[in-house]
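Dear colleague,

I am passing on the structure below, together with some notes on what turned up in it. Please look it over before reading on.

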Amino acid sequence: MDEFLQGFWTFAGNYWWLVFPIMGMAGGAAKAWERGAKRRHARRLETLRVKGEIKAAQYAARGKLLPATAKDVASDSQLSSKELLERLFAEHDEITARWLDYELDVAKLIAFPAMSDGRQPLTAAFLRAKKTADNLRPSAATAKVSEQQVSEYLDAVGNAAVAFEIAEKEARRLRNSTFSEAERKKLDRAQKLLEVAVDESATQAERNIAYKRVREELDGLIVLSDQAVEVLEKQVAREITASVTPPEPAPAPAPEPERMPQKRQD
């Protein structure tokens with residue numbers, strides 16, 4: 001240790017002019033470390049906040065679904081288990097419908113692209129939670145299931161509901177901010193063209209051209225599912241509602257006048 005210190009001071013004495021740039025580099029490294037520490041601290045706080053929201057939402061979702069525990073209700077009778085499953089099915093179907101509303105509506109996909117992007121962590125978390133709930137869903141409310149199966153399905157539906165709420169909130173916050181400026185302009189053009197493509201007052205040719213350009217603008221930015229394309233094509237090909245006033249019906253012919261009986265001549 002003494003030799004190291006002696007060598008250090010000998011070096012510092014001979015090359016004293018290097019002290020200033022070294023101090024500058026050390027100061028820059030310290031500031032970079034401080035900024036990194038702040039970012040790590042912010043990420044930890046954000047993680048704790050999301051976990052807290054998930055936990056609070058789980059309690060709220062379970063309170064909404066069932067005032068008691070799954071074990072209590074499922075052990076009452078087969079009827080109670082059936083009623084519980086019916087309520088869980090309704091909640092499960094509602095979550096699926098809300099998700100499909102984004103998946104099949106191209107306008108919503110353009111406005112909130114994160115909801116269809118499995119690379120987004122929160123969207124991916126919802127898709128995993130939904131898959132778990134789908135796999136645990138009994139075949140029918142009258143199916144013979146154990147208390148453990150009911151409890152697992154209850155947790156899965158509650159987790160899927162919470163995951164969807166968080167993913168939707170994040171997608172609405174992000175909107176198209178994850179795209180570059182050029183990509184955002186393409187999304188804006190696609191949104192405007194989409195309005196023409198489904199406009200019933202436009203001609204069929206105008207709608208067909210607009211639909212083709214929508215697909216071109218979205219190419220490479222947003223992947224449309226086959227179901228979304230099918231729904232959109234039906235909207236584009238929909239018959240244009242005629243605005244012509246139907247002709248008035250022809251008036252009924254006037255009744256012939258009654259013939260007066262002729263007097264008989266003797």
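What covers the buried residues of H9? The cover includes helix H5 (106-111), H8 and helix H10 (226-236), where contact means heavy atoms within 4.5 Å and helices are DSSP runs of H or I with at least four residues, numbered from the N terminus.

Before the details, please note that this is a predicted model, in which local features need pLDDT of at least 70 and side-chain atom pairs count only at pLDDT 80 or more, while totals for chains, interfaces and linings use all residues. Residues are numbered from 1 along each chain as its sequence is written, and side-chain values use heavy atoms, with hydrogens and water left out.

The buried residues of H9 are Arg207, Ala210, Tyr211, Val214, Glu217 and Leu218 (buried means under 20% relative accessible area, exposed over 50%, and partly exposed in between, with a 1.4 Å probe and protein chains only). They lie on the same side of H9, because they cover an arc of only 125° around the axis, taken from the directions from the helix axis to the C-beta atoms. On the face turned away from that buried side, H9 carries the exposed residues Ile209 and Lys212, and just after H9 comes Gly220, with a positive phi of about 85°.

Val198 sits in the loop between helix H8 (181-197) and helix H9 (204-218), and is partly exposed, with a relative accessible area of 26%. Leaving aside residues up to four places away in sequence, Val198 touches Leu232, Gln235 and Arg238.

Key:
Helices (H or I, at least four residues) and strands (E, at least two) are DSSP runs, numbered from the N terminus.
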